[in-house]
Amino acid sequence: MPKYASPILLLSILLCSACAPFAPTQTIAPEVQLQKPYSIQVTGETTNALWWKNFNSKELNALITRALSENFTIHAAYARLKQAHAQLERAGAGQYPTLNLIGNAKAGRTGVKANSSQSGLYDDTQQYRLGAAAAYELDLWGRIEAQRNASEQKLYASQADLDAAAVTVAASVATTWVDLLRVREEIAILNEQVENNKKQLTFQELRFENGLAQSVDVLQQRQILASSQSELPLLVAKEQVLLNALAVLIGSTPLDEPEITQKKLPELIQLPTTGLPADLLANRPDVRSAGFVLFSARWNVAEARANRLPQLTLNADAALNSSVAAVLFNNWAATLAGNIVQSVLDGGVRASEVARTRALVEEKAATYSLTVSKAIQEVEDALVNEEQQQQYIKLLSAQRNATAKTLEDAQLRYLQGQSGYLPLLQEILNVQRLERSMIKQQAELIKFRISLYRALGGSWTYGLADVHESFPKDDNTEGI
């Protein structure tokens with residue numbers, strides 16, 4: 001064989017090590033219909049902006065900004081991102097050779113025969129050894145590359161999970177804030193109703209004293225007053241519960257609750273652009289995460305298939321030996337060897353691993369399609385809830401106006417003695433109930449609008465790198 005045959009063979013092996021015959025295709029698609037538009041199409045504000053700023057509330061802006069940097073769920077997601085980054089570095093280590101340094105020294109004493117001409121009874125010996133061992137696995141079938149690519153996709157999934165946590169936290173803060181303002185408006189309305197009921201009670205007592213009303217009218221009015229007063233403690237408790245929830249969302253505790261001075265519900269922000277269902281593949285971070293997890297599983301199949309083929313490892317050793325430390329570097333030896341390993345009988349372990357990873361791909365593909373389907377459902381739900389809520393509020397407003405006119409007529413008829421106090425009392429209760437119901441439904445409409453923004457996602461989370469940089473890090477996490 002020519003002298004240059006071995007280098008050529010080694011070069012061919014190195015070139016083959018760059019192959020990845022089992023690499024998956026670069027495209028994935030969910031098994032759901034993405035071509036049809038939403039049942040309700042909206043053109044307007046894009047979802048890429050920080051939508052909560054449209055409420056024009058400095059308090060809400062401050063709450064969400066703090067939540068995005070200090071929320072515990074986001075911190076946990078960021079910690080998982082750092083874990084995925086470390087796992088990627090670990091998986092990629094197999095692409096590089098390993099080098100170990102070895103050193104030892106040994107001292108001994110050997111007995112000498114009594115009739116020996118030497119003067120001593122023992123012979124002292126010392127040996128020194130210094131060496132290095134290097135190993136490199138040639139990635140002939142792309143096993144190591146597949147392992148690294150699987151970890152890389154998991155890293156991307158962890159980043160998307162962090163973005164999904166940010167989307168959820170922002171929407172949760174805004175929704176809780178709206179509920180808090182709704183409760184405060186209910187408290188204000190209820191306090192006003194209590195005062196009105198007190199005035200009505202005083203009026204009925206005066207009429208009773210003058211013989212213009214019956215005792216039952218006074219008792220019924222007292223009952224209405226007691227009923228309205230009994231609802232106040234529940235609303236006050238609800239207000240405190242919502243403040244506690246906000247405190248936890250912004251990374252604090254109820255012992256250090258935020259100070260919210262706003263009392264009124266905000267104006268409804270404008271509708272976002274719905275786009276097409278296919279846009280959710282890029283705009284929804286949970287959908288992106290499911291896609292990356294699916295892609296990672298497909299790389300796991302490539303790794304399992306490559307693991308069934310022979311593995312070739314190059315080993316290099318160099319050692320220096322001497323019985324005298326001063327001349328240690330004068331005696332050295334070096335070796336270069338290659339080891340090839342091919343499993344013949346393994347009880348079906350590797351074949352079963354290929355079957356397992358392929359089944360895992362089927363599971364992740366179904367999960368990906370389900371995630372996309374649920375994302376479309378959330379958008380559809382938000383759109384239909386929004387549309388029907390608008391109609392409901394219009395009808396409720398018309399009902400309130402009609403009830404207010406009926407109340408005026410009932411008061412006139414009562415004062416003229418044409419009817420008893422019970423019909424008037426019933427109309428008073430209807431008006432008070434509708435006043436509070438209008439506040440609740442207005443709040444629900446705002447929350448449906450927030451749900452629509454959350455369901456559509458958007459790329460605004462891509463700008464959270466500065467927020468992530470503010471998280472506590474150690475020296476090994478710089479540059480993530």
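Which residues of α2 are buried? In this predicted model, in which residues are numbered from 1 along each chain as its sequence is written, local features need pLDDT of at least 70, side-chain atom pairs count only at pLDDT 80 or more, and totals for chains, interfaces and linings use all residues. Side-chain values use heavy atoms, with hydrogens and water left out.

The buried residues of α2 are E59, L60, N61, L63, I64, A67, L68 and S69, where buried denotes under 20% relative accessible area, exposed over 50% and partly exposed in between, with a 1.4 Å probe and protein chains only. Helix α2 covers residues 58-70, and its 13 residues should span 18 Å at 1.5 Å a residue, which agrees with the 18 Å between its end C-alpha atoms; the expected span is 1.5 Å times one less than the number of residues. In the loop between α1 (5-16) and α2 lies N56, whose phi is near 55°, a positive value in a residue other than glycine. Most residues other than glycine have a negative phi. N56 counts as exposed because its relative accessibility is 70%.

Across the protein there are 10 helices and four strands, arranged along the sequence as α-α-α-β-β-α-α-α-α-β-β-α-α-α; helices (H or I, at least four residues) and strands (E, at least two) are DSSP runs numbered from the N terminus. Of the 480 residues, 39% are buried. Among contacts (heavy atoms within 4.5 Å) with a separation of 6 or more, 84% are between residues 24 or more positions apart.

Helix α4 contains D179, which is buried because its relative accessible area is 12%. Apart from its neighbours within four places in sequence, D179 is in contact with L242 and K447.

The largest pocket is lined by I189, E192, Q193, N196, N197, Q200, L407, Q411, I428, V431, Q432 and E435, and the elements that give two or more residues to this lining are α4 (143-209), α8 (349-415) and α9 (421-456). A pocket is an open set of points on a 1 Å grid over the protein atoms alone, where a 1.4 Å probe fits, with protein on both sides within 12 Å along at least five of seven lines, and lining residues have an atom within 4 Å of a point. Helix α4 gives the most to the lining, with six residues. The volume of the largest pocket is about 250 Å³, taken as the space filled by probe spheres set on the points.
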